[in-house]
Amino acid sequence: DIQVPARYGIPEVGKARQAMFFARPLSDPLKSPVPDYISCGHLYIDRTESLSEQPCKIRVHFRKDHRAKLKKALVDGVEGNPLIMPHQRYGHSSGEHLCIESSGRISMTNLWIQSIANFGIVPKYNWGPVTFSKVDIRTPKPKTERFVSWRDGFHVRDNRMGILIEDGRFDGGLMYDDIFSPHSMLNKVEKVKRLAGGRLEVTLYGLSPMFMYKPGDWVSAWDPKQKNTGKGIARVVETVQGSETRPKGANHRFLIRLDRTVDLRVGDFLFHEETINWDMVIRRCINSKLGKHGSTRWRTPVSIEDCQFDNISIHIYGGNKATLERPRPRHIVFKDSIIGERTGFHCNDAWDVSLQNLTIDSAAQSIFKNSAMVNCRNVSWKNASKVPIVAKDGTTIRFFGRNSINKKKIQLRKHIETHDSKVEFMNGRVKE
């Protein structure tokens, strides 16, 4: 049961017309041990009804397949806490508010987005530079209103050039999803055919359209688990439209011909290396403490510079098999920034992550899992636990310069927990 404040009037009720959900952390990070990453509980709504004796009191009926998540929410103490319910008519239904697609040399300046009901800003498939300068996503009445989008603030995907986001101000709690989500999509291999001259013809299906693949573009082959560093690369020769029938969960199906043979099998993934948002930069941006907490997911190359993020969670990882927002993250840089987190710094399955002149202000652990190369230079952990750094599952971390915990220049080695991983302390480029 939800009590709607009287200032909103009597809310509309009925059968949910689209996939509407609540979004909340599965557990309070301040009260429970931090897992590998904090996931978010999406409790999908089946219908709502108004209780006759109290029209502003709404009874929410969830989908039957979400009973387990609902029980988990009750265990976590959801009763008595304020939750934001999507509007019956508008919640989740608007699509992309501001979409910049298949373009270049675009600049947007001095925009204030106050309320959105789905994805906020979506740059995708762009061939040239796109810049957002002084573009804010903030509620105009932070004391009384919590407008929520239920989707990402910046949903950045499949661009040939990096997106520049600078001097922005964001209310993380306004999204109840990711503030930033730069990624690129995989396509799945349905059929492989060897051609004359050592070429290869591959039938693909997934979420990335055929027009992204241009003759001469590089593509890379990946096994489903993506535990290694790829199965080879090749150049695109041509693309051919395939069957109009699409497999479940796919928007596109087409054929692609490659200039050489690579180790591709049915069920593997093909990744377009040219549309990975290369050289994306986020600088001088600030996230407020408003709302539950904000989240960010970093999957493609990006440099985060001179930013201040409060009440936020940092996730560097490859997404999930359902969305195909992969492959393994690479070339991700945090520098000259302050991260005031509630849920720790989480880096999973990454190739190349660099932390430079960074302050991490959090009692939660920074966890690095299956990450091949993590470089830390002049990183300061404030208000940290006794063991603020965890390296596990084949991670390699190198420390350069002056790193500290709670403003103390101490031996970091004693404050790092390792599991099947390697930690190196470098003096210049020589191990201590």
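Trainee: Which residues is F399 in contact with, leaving aside its neighbours within four places in sequence?
Mentor: Good place to start, and bear in mind that this is a predicted model, where local features need pLDDT of at least 70, side-chain atom pairs count only at pLDDT 80 or more, and totals for chains, interfaces and linings use all residues. Residues are numbered from 1 along each chain as its sequence is written, and side-chain values use heavy atoms, with hydrogens and water left out. Taking contact as heavy atoms within 4.5 Å, the partners of F399 are C376, W381, I389, L412, I416, V423, E424, F425 and M426.

Trainee: Which members of the largest nonpolar core touch the most other members?
Mentor: A nonpolar core is a set of buried Ala, Val, Leu, Ile, Met, Phe, Trp, Tyr and Cys residues joined through side-chain atoms within 4.5 Å. Buried means under 20% relative accessible area, exposed over 50%, and partly exposed in between (1.4 Å probe, protein chains only). The largest core has 54 residues, and those touching the most other members are F154, I165, W298, F334, F345 and F399.

Trainee: How many residues are in the second, separate core?
Mentor: Among its members are V189, V202, I256 and L270. In soluble globular proteins, nonpolar side chains tend to be buried together. The second core has 17 residues.

Trainee: How far from the sulfur of C347 is the nearest cysteine sulfur?
Mentor: A disulfide is a pair of cysteine sulfur atoms within 2.5 Å, and a search of the whole structure finds zero of them. C347 is thus one cysteine in no disulfide, and its nearest cysteine sulfur belongs to C376, at 9.4 Å.

Trainee: Is C347 buried or exposed?
Mentor: Its relative accessibility is 0%. With that value, C347 counts as buried.

Trainee: Which lysine meets D263 in a salt bridge?
Mentor: A salt bridge is a side-chain nitrogen of Lys or Arg within 4 Å of a carboxyl oxygen of Asp or Glu, and here the N to O distance is 3.7 Å. The pair links distant parts of the chain, 32 residues apart, with D263 in the loop between strand 18 (252-258) and strand 19 (269-272). Strands (E, at least two residues) and helices (H or I, at least four) are DSSP runs, numbered from the N terminus. The lysine is K231.

Trainee: What is the N to O distance between D268 and K231?
Mentor: Both D268 and K231 are buried. Their side chains meet in a salt bridge, at 2.7 Å.
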